[in-house]
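Please open the model in a viewer and keep the selection tool at hand. The tour visits a pocket and then a helix.

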Amino acid sequence: MPFVPLSFVVAVLLLVLFAAAVRHGDERPANRPFLALILISAFLSVLSGLRWGYGVQGTIMFLAPVCAAAVPPLAYAGVTELVRRSRTSLVRRLALHAVPMLTVIVLLATWRDAIDMALVLSFVAYAVAILLLMRSGTDALRLAPFEEAARAYRAILFAALALLLSAAIDTFVFVDLTWMGGEYAPPLIAVGNLFSLVILSIAAAAASRSHAATETGETAVRSETGSDKETLSAVEALMATRRAYRDVDLNLDRLARKLGIPARQISTAINRATGKNVSQYVNEHRIAEACTLLVETDKAVTEIMFEVGFQTKSNFNREFRRVTEMSPLEWRERKAMMSPIAIKHDP
């Protein structure tokens, strides 16, 4: 039976993950940096299998570090796709982050021993940059729909941790090769780096589902003015009169455009007044209407879920339980038992 390296199996699984992420796409634009990150991870897994499984080197010794250097910029670019809009094209933005790859290419020709440390510095620097972008929590994801913001936020944190894990592994390998003759390097590279690539790819696939909604021609955002109370009143009015929470693509950026108020001002006002992030605030409006519909209509739970702005049952059930501490069916049954009709017929 032919020997199949674990790296090849991982590569196949990552390609399946890529296909699933692509199929999940809808009319909203895909997060191309995250999808490219999954493909690069699969390719690196193949290179790892060829090198450590079959002893193939040659071109691999050049391709592997260059491809590895592309991983942190792609992760960062994928995150920024959910954080802020840019007038610069994606190709130009990626070109601005080509420094790690160019550095590795130069080091391949001049100082190969420094490549590992260059990669470590790149992974750590981009991981820190991602964590800084996420320092305001889910509200940092201005372009992610509110329903998906929490999941995307967790996935991005895992991606940053995977970059740090990969940097730690590369550091240990460098020390092992320098001081211990490379005794532990092969198994650590084969298993440790694959593990970090899998975590990073899964995180990227999860975050890639939170596509930024297509920009609409809504009201331009004014300069930051007004008190928290005025801002919150404006948001409440929008929710009450226009039921803006029913928009499945609603995100902080779109909410800001609807109100003509800066996103940061909205986020700060809601945080201070309610102690919640904007995603929780909007989802609570959705749950409030769902509670009413469950009691006053005979509509199916799934129909109500879509009507109030949720797209997945898991998110709807999780948020419903967070707000009411019970499931939608439990809520409907309990309220039915408390209704006047139920009390009248109660023996």
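Begin with the second largest pocket of this predicted model, which holds about 450 Å³ of space. Select S136, D139, A140, R142 and R264; among the 20 residues that line the pocket, these are the closest to its centre.

Next, colour the lining of this pocket by residue class. Nine of the lining residues are nonpolar, four are polar and seven are charged. Then display the helices α6 (115–133), α10 (252–259) and α11 (263–274), each of which supplies at least two residues of the lining. Helix α11 provides the largest share, with five residues.

Now move to helix α9, residues 228–242. Its 15 residues reach 21 Å from the first C-alpha to the last, close to the 21 Å expected at 1.5 Å a residue. Select T231, L232, V235, L238 and M239, the buried residues of α9. Why do they lie on the same side of α9? They cover an arc of only 120 degrees around the axis, and therefore share one side of the helix. In general, an α-helix has 3.6 residues a turn, so residues three or four places apart point the same way.

Keep these residues selected and show their surroundings: the buried residues of α9 pack against α10, α11 and α12 (278–296).

Notes: Residues are numbered from 1 along each chain as its sequence is written. This is a predicted model: local features need pLDDT of at least 70, side-chain atom pairs count only at pLDDT 80 or more; totals for chains, interfaces and linings use all residues. Side-chain values use heavy atoms; hydrogens and water are left out. On a 1 Å grid over the protein atoms alone, a cavity is a set of points where a 1.4 Å probe fits but cannot get out, and a pocket is an open set with protein on both sides within 12 Å along at least five of seven lines; lining residues have an atom within 4 Å of a point. Grid points are joined across faces, edges and corners, and a volume is the space filled by probe spheres set on the points. Helices (H or I, at least four residues) and strands (E, at least two) are DSSP runs, numbered from the N terminus. Ala, Val, Leu, Ile, Met, Phe, Trp, Tyr, Cys and Pro count as nonpolar, Asp, Glu, Lys and Arg as charged, and the others, Gly among them, as polar. The expected span of a helix is 1.5 Å times one less than its number of residues. Buried means under 20% relative accessible area, exposed over 50%, partly exposed in between (1.4 Å probe, protein chains only). The arc is that of the directions from the helix axis to the C-beta atoms. Contact means heavy atoms within 4.5 Å.
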